[in-house]
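Let's take a walk through a protein chain, one piece at a time. Keep the picture open while you read.

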Amino acid sequence: MSVAHVDEEGTIDDTEGFHVEKIFSNGDIYMGQWVAENNCPHGAGKYLWSDGCMYFGEWCKGKMNGKGKFSWPSGATYEGEFKNCYMDGEGTFTGSLNHTYKGCWVGNKKHGKGRMSYANGDHYEGDWRKGLYDGEGTYQWNSGHEYTGQWRKGKMSGNGIMVWANGNRFDGSWECGFPKGNGSFRFEDGSFCLGVWGKDLKEQHVKFYPSDSTVSHDDWDPNQLFSFEMSGCVICEVKSLAVFPSDKMFSWCNSEEKRKKQHVRKNSKSENKDRRLSIDALGSDGFGNGHIRGVGVNQQPTDRQGVTICKGHKNYELMLNLQLGIRHSVGRPSPTKPLDMKRTSFDTKEKIWTRFPPEGSKHTPPHQSCDFKFKDYCPSVFRTLRSLFNVDTMDYMLSICGSEALRELSSPGKSGSFFYMTSDDKYMIKTMKKAEVKVLRRMLPAYFEHVKSFENTLLTKFFGLHCVKLSGSSQRKVRFVVMGNLFCTDVPINRRFDLKGSSHGRITDKPESEIDANTTLKDLDLNYIFRLQKDWFQEFFRQVNRDCDFLEQERIMDYSLLVGISVQECNQDLSADEGGLSGSCIPIGNIELDSRGSSPRVSSVDTDASLDPTRWAPVRLGSNMPARVELMVRSHENQLVGEPTQEFYDVILFFGIIDILQDYDISKKLEHAYKSFQYDPTSISAVDPIQYSKRFRDFIFSVFKEDS
């Protein structure tokens with residue numbers, strides 16, 4: 001055994017591990033395998049912090065990796081798998097109050113299948129998501145009550161069955177822990193109440209059906225379901241840990257040598273004069289002013305985009321009208337439609353007008369907004385599209401029409417359209433011009449066939465097309481389309497780009513001091529090349545060509561590729577020799593084709609080894625994709641693609657083709673003719689769809705490359 005203080009110089013130069021006992025100046029102790037070359041633990045070892053925390057298990061290059069046990073001074077323990085110092089994989093946590101969880105973990109959170117046993121005798125077994133009950137699961141109370149069904153964010157939400165210890169049961173819809181919607185409450189003797197349930201008496205419509213039993217239930221009121229029956233069904237909650245294993249500092253990370261390494265090299269002014277460095281602009285340290293805690297990075301949260309539409313907002317009534325209309329439209333019963341839609345479903349006459357008087361009607365509920373009409377375009381087509389895109393009807397309604405208000409984005413788009421975001425960031429609602437509605441309805445049959453044929457399409461996903469006609473003398477019509485939000489993710493988006501392949505006016509006019517993570521940059525702001533793994537790049541190449549062929553056939557132009565970039569935290573672990581970013585934080589390794597050979601997927605080995613946030617959502621083309629970016633340098637101001645620098649960063653990419661409703665109409669032809677006299681015709685956006693498609697592809701394939 002070699003015993004040494006941390007400031008003593010060792011004489012061992014072997015790259016193989018040897019056993020040491022190190023006593024650090026802050027009182028921490030490490031005993032176990034050590035590699036002199038990297039000056040850190042590698043193999044089996046025990047680390048004892050001065051505050052009483054302890055880890056005993058496997059290490060890999062100075063990080064807790066593999067199987068191990070972590071204990072807290074309170075007596076709580078976790079025994080199981082670790083990845084990059086996070087509790088990740090299969091593991092068992094026992095709290096100081098003797099509550100126990102056994103199951104799957106991702107990034108210190110219960111995520112996947114697992115079973116929780118509480119100290120009071122309650123049990124939950126089922127699906128977890130980010131530390132909360134979410135999915136299918138069963139909760140058993142120590143009193144004998146039991147709920148089996150769907151959960152959302154720790155609450156009973158969706159379809160489920162509650163059976164009380166006395167034999168009574170409720171079977172139906174739930175929301176936020178209480179019955180809400182259609183359902184039946186059945187007594188032990190066979191009598192039951194059937195109808196629509198809700199805590200609000202105005203929403204409740206329940207009818208009692210007696211059985212042959214002599215037991216009378218005349219004194220039972222449906223409100224007792226909420227006031228009495230549910231009162232004994234309190235779900236246990238456990239407070240989150242104040243300190244996670246990944247938060248702990250290691251003394252070998254605090255040396256002066258390590259601090260000297262933590263400086264991200266930036267391109268000099270002479271290398272790229274007056275150009276914004278897309279990665280370096282993230283903060284003084286290159287990563288949004290994040291700071292190292294243990295082996296992770298705490299990035300400061302970015303403010304959510306937009307302003308919440310509250311009462312008093314100029315568009316408050318318009319938002320209410322839209323939500324009422326969509327709730328009525330989506331909730332309307334309809335037969336299941338086959339994927340092969342009839343041509344009549346796309347007919348321009350295929351629309352439904354519904355009037356919403358404030359006092360309500362036979363088909364519409366009373367509301368507090370003004371009298372208005374709601375038009376639903378091609379409802380059967382969009383219902384089938386939502387099914388194609390795997391959108392759950394209940395989740396869709398809750399996102400758009402739930403209790404949370406929409407957010408209006410701070411400024412309208414270049415077209416003058418306004419954008420609204422749902423509270424969960426899943427959907428974006430855009431106001432449309434009449435001409436755009438006509439384009440979408442014209443191309444809808446071909447769009448439907450295209451997205452049905454190519455599940456990896458990068459085109460914008462459309463979920464509904466609607467119109468609100470306001471009452472009064474103006475009779476103003478406001479048209480909306482509901483789209484998917486590309487950046488609905490728990491991964492922080494550090495930079496976003498709108499790429500067209502043209503150079504005229506394609507640079508952000510904001511001063512550098514005002515650029516943040518919500519700023520959409522343009523072609524001439526882009527300072528790096530995206531490197532995709534081989535199979536992903538091949539699928540990307542094929543799909544961009546398919547989508548551009550479709551847009552070309554539909555005479556669409558002026559579209560762009562919207563790209564979101566999340567810089568990975570481990571980019572702050574710097575190479576001692578180069579001063580740049582060190583190796584891959586996400587194993588880029590094995591990519592396999594699915595059974596049809598058409599869509600790449602990450603192998604299970606690589607998925608398990610990836611960074612934690614990316615595993616909360618599936619990796620697919622254009623969403624949650626591990627990749628690398630290589631910094632490039634331009635030789636002159638209007639050069640679209642610069643020279644590569646061999647300086648790489650690990651990133652997560654999100655991208656898709658947006659703004660696909662502009663056809664080459666007379667206004668665009670006039671714009672092309674006018675600007676061609678003033679500027680280089682190849683540099684402007686308004687060009688013929690065939691020329692636009694070719695230029696777009698050439699540019700995209702010059703900034704997206706295979707990672708060799």
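Is E552 buried, partly exposed or exposed? With a relative accessible area of 24%, E552 counts as partly exposed, because the buried class stops under 20%. Keep in mind that you're looking at a predicted model.

Now look at what E552 is doing. Its partner is R697, and the two form a salt bridge whose closest N and O atoms are 3.4 Å apart. This pair links distant parts of the chain: R697 sits in helix α10 (residues 689–703) and E552 in helix α7, 145 residues apart. R697 comes out as buried, since its relative accessibility is 13%. As a bit of background, side chains of opposite charge can pair when their charged atoms come close.

Next, head for another pair, R442 and E554. Their side chains meet in a salt bridge too, at 3.3 Å from N to O. R442 belongs to helix α6 (residues 434–453), while E554 is in the loop between α7 (534–553) and β32 (560–567), so this bridge ties together parts that lie 112 residues apart in sequence. How covered up are the two partners? R442 has 42% relative accessibility, so it's partly exposed. E554, at 13%, is buried.

The loop between α7 and β32 has one more pair to show you. There, D558 meets K500 in a salt bridge of 3.0 Å, N to O. K500 lies in the loop between β29 (495–499) and β30 (520–521), so the pair ties together parts 58 residues apart in sequence. Both D558 and K500 are buried. Salt bridges can also share partners, and that's how D498, R506 and D523 end up joined into one network. In total, the structure holds 22 salt bridges.

Let's go back to α6, the helix that carries R442. This helix has 20 residues and reaches 28 Å from its first C-alpha to its last, close to the 28 Å expected at 1.5 Å a residue. Follow it along and you'll find a bend of about 55° at L444, with a proline, P445, following within four residues.

Which residues of α6 are buried? Among them are E436, V437, V439, L440, M443, L444, Y447, F448 and V451. Here's a handy bit of helix geometry: an α-helix has 3.6 residues a turn, so residues three or four places apart point the same way. As for neighbours, the buried residues of α6 pack against β23 (372–377), α4 (379–388), β26 (427–432), β27 (462–470), β28 (477–484) and α7.

Zoom in on β25 (residues 419–421): 3 bridges join it to β26, and the two run antiparallel. Here F419 stands opposite K430 in β26.

Finally, zoom out. The protein chain has 10 helices and 37 strands. Buried residues make up 48% of its 708 residues. Of the contacts with a separation of 6 or more, 51% come from residues 24 or more positions apart. The chain's accessible surface comes to about 34,200 Å², and carbon and sulfur atoms account for 50% of that.

Key. Residues numbered from 1 in each chain as written. Predicted model: local features only at pLDDT ≥ 70, side-chain atom pairs only at ≥ 80, totals over all residues. Heavy atoms only, no water. Salt bridge = Lys/Arg side-chain N within 4 Å of Asp/Glu carboxyl O. Buried < 20%, exposed > 50% of the residue type's maximum accessible area, 1.4 Å probe, protein only. Expected span 1.5 Å × (residues − 1). Bend = angle between axes of the 7 residues up to and from the residue. Contact = heavy atoms within 4.5 Å. Areas by Shrake-Rupley, 256 points an atom, 1.4 Å probe, with all protein chains shown as cover. Pairing = 2+ DSSP bridges.
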